[in-house]
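I opened the notebook to look up how the strands pair and what surrounds one of the helices. My entries follow the model.

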Amino acid sequence: MHVNFQDDAAKLLVNISHEFYRRGWMVGTSGNLSFRINDPGESLRMLITASGADKGSLTPDEILICGEDYDSISWQGKRPSAETSIHRSIYRSVPNAGCILHVHTVASTCLSLTTTTESNPAFLQFAEYEMIKGLGLWDPGAIATVPVFTNWPAVANIARDVELYLEAQQHIPAFLIRGHGLTAWGHDLSSARKHLEVLEFLCACAWENYRAGQRGG
Ligand SMILES: [Zn+2]
């Protein structure tokens with residue numbers, strides 16, 4: 001089922017992976033990208049990048065199908081991303097999420113390390129930036145609140161924290177993990193990509209401002 005859609009979706013993930021790699025957002029095999037492929041009401045199924053794949057030379061056979069309990073299956077020696085459980089948590093908590101993009105950018109990684117370790121999640125807040133409209137916040141004076149989750153060694157614990165948070169309150173379609181890049185989603189690839197680019201832009205601005213403040217400038 002959905003054979004053409006799956007083929008097309010895999011190609012889209014391959015193309016955006018190459019582009020993000022060129023932008024320096026997925027170096028050293030980092031990051032992971034997925035599409036939901038189940039219909040509403042069906043159990044969760046997704047296409048997701050394989051673990052350890054070089055994102056600059058990713059090929060369609062490095063996009064794997066994964067579901068609720070397919071973790072132990074190996075596909076011709078490949079395994080789904082080590083962070084598949086985080087994608088699963090987002091898809092379960094956000095029914096209209098159709099695509100998830102997770103990348104390791106310099107600005108989001110550096111900025112996340114400026115937040116407190118006293119709470120999980122910690123929060124970054126972005127106000128005044130015109131770009132927060134891109135996260136769906138149109139009210140004058142709106143503030144984009146971005147959670148920063150603890151980067152537990154066991155990914156399942158990160159996934160648990162993400163799911164608890166997303167199910168408990170209103171949230172923007174993106175978050176950071178401390179020292180570990182950013183994740184954004186949308187109903188399709190272009191909306192997920194927009195949210196990712198907007199949050200990366202905000203992180204880059206805030207990181208510039210933070211460094212200027214450190215210099216006293
Ligand atoms: Zn990661």
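I took two strands as paired if DSSP finds at least two bridges between them. Helices (H or I, at least four residues) and strands (E, at least two) are DSSP runs, numbered from the N terminus. The model is predicted, so I noted that local features need pLDDT of at least 70, that side-chain atom pairs count only at pLDDT 80 or more, and that totals for chains, interfaces and linings use all residues. Residues are numbered from 1 along each chain as its sequence is written.

**Entry 1: strand 1.** I looked up its partners. Strand 1 pairs with strand 2 in the antiparallel sense over 3 bridges. Ser-34 has Ile-48 of strand 2 as its bridge partner. Strand 1 also pairs with strand 4, antiparallel, over 4 bridges. I then checked burial (20 or more other C-beta atoms within 10 Å of a residue's own, with C-beta atoms placed from the backbone).

**Entry 2: strand 8.** I followed His-102 onward. Its bridge partner in strand 8 is Thr-183. Strand 4 and strand 8 run antiparallel, joined by 5 bridges. Strand 7 pairs with strand 8 over 3 bridges, also antiparallel. Leu-176 stands opposite Leu-182. The hairpin of strand 7 and strand 8 has 4 residues between the strands, and Gly-179 takes a positive phi near 65°. Both faces of strand 8 are covered, with Thr-183 and Trp-185 buried on one of them.

**Entry 3: helix 2.** Is helix 2 enclosed or open? I found it largely enclosed by the rest of the structure, because 7 of its 10 residues are buried. Among them are Ile-86, His-87 and Tyr-91. The cover includes strand 1, strand 4, strand 8 and helix 4.

**Entry 4: helix 2 on helix 4.** I looked up the packing. Helix 2 (residues 84-93) and helix 4 (residues 155-168) pack at about 15°, axes 8 Å apart. Axes are lines fitted to C-alpha atoms over the stretch in contact, and angles run from 0 to 180 degrees between N-to-C directions. The two helices are therefore roughly parallel, a term for angles under 35 degrees. The contact (C-beta atoms, placed from the backbone, within 7 Å) includes Ile-86 and Ile-90 of helix 2 and Ile-158 and Val-162 of helix 4.

Note on methods: Parallel < 35°, antiparallel > 145°, perpendicular 65-115°, else oblique. Contact = placed C-beta atoms within 7 Å. Buried ≥ 20, exposed ≤ 12 C-beta atoms within 10 Å, placed from the backbone.
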